[in-house]
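Subject: Structure for you to look at

Hi,

Here is the structure I promised to pass on. Have a look at it first, and then read on for what I found.

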Amino acid sequence: MNTDPIADYLTRVRNAIKANQRVVEIPASNLKKEITKVLFDKGYIANFKFEDNGPQGIIKVALKYHPITKVPAIRSIQRISKPGLRKYAGTENMPRVLNGLGIAILSTSKGVMSDKEARQQNIGGEVLAYVY
């Protein structure tokens, strides 16, 4: 049993990038699927596929690298809100990652989205991760 599945997701992606792997397989959940969609929409991953193998399913994430220099699109991915200490941000104190060059992934009442989308919709939520 995993106590923090989001941290496990982020760690699998981080380890795959450090090992220069092209594809990483992650056990699926609805929240992980939404985080994957946000990463894809913002251009941090090349592609993804949801497979319903077994009781839980798998998310296959194709990582994105620069074609010439082989530098990964995700330089850093870190968990912010942990099960022991939840971090919330309102509309007035929304985090900016690298002065807007990175994104913060938030879980809001309207679903999982980036900090920029949450600012546009004027809603706050739980800060799940920083990606840049």
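What should the 14 residues of helix 1 (residues 5-18) span at 1.5 Å a residue? The answer is 20 Å, and the end C-alpha atoms of helix 1 are 20 Å apart, which agrees. The expected span of a helix here is 1.5 Å times one less than its number of residues.

Before the rest, some ground rules. This is a predicted model, in which local features need pLDDT of at least 70 and side-chain atom pairs count only at pLDDT 80 or more, while totals for chains, interfaces and linings use all residues. Residues are numbered from 1 along each chain as its sequence is written, and side-chain values use heavy atoms, with hydrogens and water left out.

The whole chain
The protein chain has three helices and eight strands, where helices (H or I, at least four residues) and strands (E, at least two) are DSSP runs numbered from the N terminus. Their order from the N terminus is α-β-α-β-β-β-β-β-β-α-β. Of the 132 residues, 39% are buried; buried means under 20% relative accessible area, exposed over 50%, and partly exposed in between (1.4 Å probe, protein chains only). Along its principal axes, the C-alpha trace spans about 40 × 40 × 25 Å.

In helix 1, the buried residues are Ile-6, Tyr-9, Leu-10, Val-13, Ala-16 and Ile-17. They lie on the same side of helix 1, because they cover an arc of only 130° around the axis (the arc is that of the directions from the helix axis to the C-beta atoms). An α-helix has 3.6 residues a turn, so residues three or four places apart point the same way. The buried residues of helix 1 pack against strand 1 (23-27), helix 2 (30-41), strand 3 (58-63), strand 4 (77-79) and strand 8 (125-131). Asn-20, which follows helix 1, has a positive phi near 55°.

For helix 2, 12 residues should span 16 Å at 1.5 Å a residue, and its end C-alpha atoms are 17 Å apart, which agrees. Lys-32, Ile-35, Thr-36, Val-38 and Leu-39 are its buried residues. Their arc around the axis is only 160°, which puts them on the same side of helix 2. Asn-30 and Asp-41 are exposed on the other side of helix 2. Just after helix 2, Gly-43 has a positive phi of about 85°.

The cores
A nonpolar core is a set of buried Ala, Val, Leu, Ile, Met, Phe, Trp, Tyr and Cys residues joined through side-chain atoms within 4.5 Å. The largest one has 26 residues, and those with the most contacts inside it include Val-13, Ile-35 and Leu-39. Its largest share, six residues, comes from helix 1. A second, separate core of 10 residues includes Ala-89, Met-94, Leu-106 and Ile-123.

Ser-114 is in strand 7 (residues 111-114) and is buried, with a relative accessible area of 0%. Thr-91 sits in the loop between strand 5 (88-89) and strand 6 (103-108) and is partly exposed, at 33% relative accessible area. Leaving aside neighbours within four places in sequence, Thr-91 is in contact (heavy atoms within 4.5 Å) with Asn-122, Ile-123 and Gly-124.

Best wishes
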